[in-house]
Amino acid sequence: LYNKSLAITSKQLGENSPSTATCYYTVGTVYLKQDNLPDTVSNYSKALSIRLKKLGEYNTETASMYYELGSTYLKFGDYANCKDNLEKAKIIQEKICPGTIQLARTYFNLGMYQYYTNDRISALTSLTESYQIKKKVCAPDSVEIALVCGQIADILSEIDEHKSAIDYYKYAISLYVKQPNIDNAELTRLFFNVGNEYFKTGDCANAIEAYDWSIKIITTYIGENDPLLIDRYINLANAYQAFGKSDEAIAVLQDAEQIQNANPGNKANLTEIYNTLALIYNGKADVDKALYYSLQALSNEELLNDKESLSCAITYNNLGALYLKRYDFDQSLAYHMEALKIRKSLLGENNINTALSYEQVSQAAGLAGKKELASECSRKAIEILQTIDPDDTSSDSEVRRTAIKILTDLGSAAKLSENYSDALNLYQKALVKAAKLYSRNEADLIIIHSQIAHI
């Protein structure tokens with residue numbers, strides 16, 4: 001029907017009339033709803049060409065067509081064409097209609113293009129521009145504001161600005177719950193993400209509350225056995241464990257396992273469930289159960305033909321640590337060597353997790369009587385730390401925490417071997433890093449001080 005309208009309009013008013021351009025735009029929008037990229041672009045491009053001829057470059061309707069074309073390319077992942085059209089829309093709108101919702105939407109999509117092409121800082125700048133305009137021109141409870149806040153929070157999370165991310169996630173949630181038609185899929189995502197941010201900052205109580213809300217929304221409005229629940233239960237279990245509630249952690253992981261088994265598709269999550277259960281039972285000093293679940297994780301990886309993955313490296317790590325507790329040092333060393341092999345292959349030599357594997361091999365090798373291997377791996381771990389974060393200024397707090405763990409573990413191994421000079425040197429290096437990262441009363445910092453005092 002729209003194509004018929006287009007044919008009549010074009011015949012009666014001419015191919016280059018503004019009304020014909022509007023018809024091309026309408027037909028293109030229908031094709032867009034059908035995910036038909038070629039016909040959408042073809043009709044939008046014809047509408048743009050007419051508007052350029054009749055209205056000129058600096059016109060709101062011309063800018064609108066650049067925006068629509070750019071947004072279409074964004075949806076289908078054609079980022080080069082997306083950027084060109086959105087940039088043109090932005091230039092026109094900044095000149096002839098600054099501070100309008102149209103410009104705010106252009107900034108938003110430009111920010112998403114920058115995010116998808118891994119330019120996080122530019123994306124944050126564009127999205128913040130969008131947010132500032134929307135705060136001025138939209139209603140206070142507008143979903144437009146909620147949408148941009150959620151995206152800003154995602155980027156802040158990725159660049160380790162966790163407290164700011166929490167503020168934006170909370171604001172987005174407060175707006176979404178006021179909408180007449182609540183987007184439950186987005187709401188559960190926001191609660192899940194803010195829970196992750198609370199967990200990263202050590203606020204387990206608020207993390208647990210946020211995960212609970214995310215789970216409640218899914219079970220109430222989406223489905224009681226929906227696969228989305230699995231990640232929520234795993235993270236909730238980690239928060240319970242960190243909060244000292246290991247029995248609650250085990251219970252929700254069993255729920256996660258039950259949901260995974262009810263969904264016969266991808267079983268990859270079972271590995272994480274089993275590995276998390278293994279860590280919890282290890283924390284409860286139940287090595288037998290911990291070993292059982294670690295071997296279950298390994299068995300699942302064999303079933304999935306997934307024995308060369310980073311997930312499998314974690315399983316090998318867990319097994320190495322458990323056999324160390326059983327004083328089976330040769331078996332522990334074998335598993336840690338497998339983890340190191342995978343991490344070197346997939347992450348490269350200069351990676352914090354590769355350094356961690358070197359440290360774990362060093363520890364197991366030393367206890368197994370392989371002093372040369374232990375010394376070599378200890379040296380490699382320290383070299384990697386000096387390469388990836390020589391000034392202790394990495395913006396990634398997880399890198400810095402892992403570096404502290406590596407140095408303190410190496411220090412403990414040297415102390416155990418009565419090599420007190422090396423132990424003291426390693427603990428002091430750990431102390432320098434810890435003092436820059438932790439507050440004075442943080443437990444890890446106090447432990448390092450006590451070890452130095454003991455030596």
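Predicted model: local features only at pLDDT ≥ 70, side-chain atom pairs only at ≥ 80, totals over all residues.
**Second largest pocket**

I sorted the lining of the second largest pocket by residue class and got eight nonpolar, eight polar and four charged residues.

Next I looked up where the lining comes from. Four helices each give at least two residues: H18 (352–367), H19 (371–388), H20 (397–416) and H21 (420–437). H19 provides the largest share, with six residues.

**Helix H21**

I checked the length of H21, one of the helices that supply the pocket lining. Its end C-alpha atoms are 25 Å apart, which agrees with the 26 Å that 18 residues should span at 1.5 Å a residue. I then listed its buried residues: Ala423, Leu426, Tyr427, Ala430, Leu431, Lys433 and Ala434. I kept in mind that an α-helix has 3.6 residues a turn, so residues three or four places apart point the same way.

**Helix H7**

Buried in H7 are Ala123, Leu124, Ser126, Leu127, Ser130, Tyr131, Ile133 and Lys134. What do the buried residues of H7 pack against? I found three partners: helix H6 (101–116), helix H8 (143–158) and helix H9 (162–176).

**Gln179**

I moved on to Gln179, in the loop between H9 and helix H10 (184–200).

I then looked for what the side chain of Gln179 meets. One of its polar atoms lies 2.7 Å from the backbone oxygen of Asp141. The backbone oxygen of Leu175 is 2.8 Å from a polar atom of the Gln179 side chain. With neighbours within four places in sequence set aside, I recorded Asp141, Ser142 and Val143 as contacts of Gln179.

**Whole chain**

Last, I took the totals. I counted 22 helices and zero strands in the chain. The C-alpha trace spans about 95 × 50 × 40 Å along its principal axes. Of the 455 residues, 47% count as buried. I also looked at contacts between residues at least 6 apart in sequence, and 54% of these join residues at least 24 apart.

Notes. Residues numbered from 1 in each chain as written. Heavy atoms only, no water. Buried < 20%, exposed > 50% of the residue type's maximum accessible area, 1.4 Å probe, protein only. Contact = heavy atoms within 4.5 Å. Polar contact = N/O pair within 3.5 Å; in protein donor to acceptor, adjacent residues only side chain to side chain. Nonpolar A, V, L, I, M, F, W, Y, C, P; charged D, E, K, R; others polar. Expected span 1.5 Å × (residues − 1).
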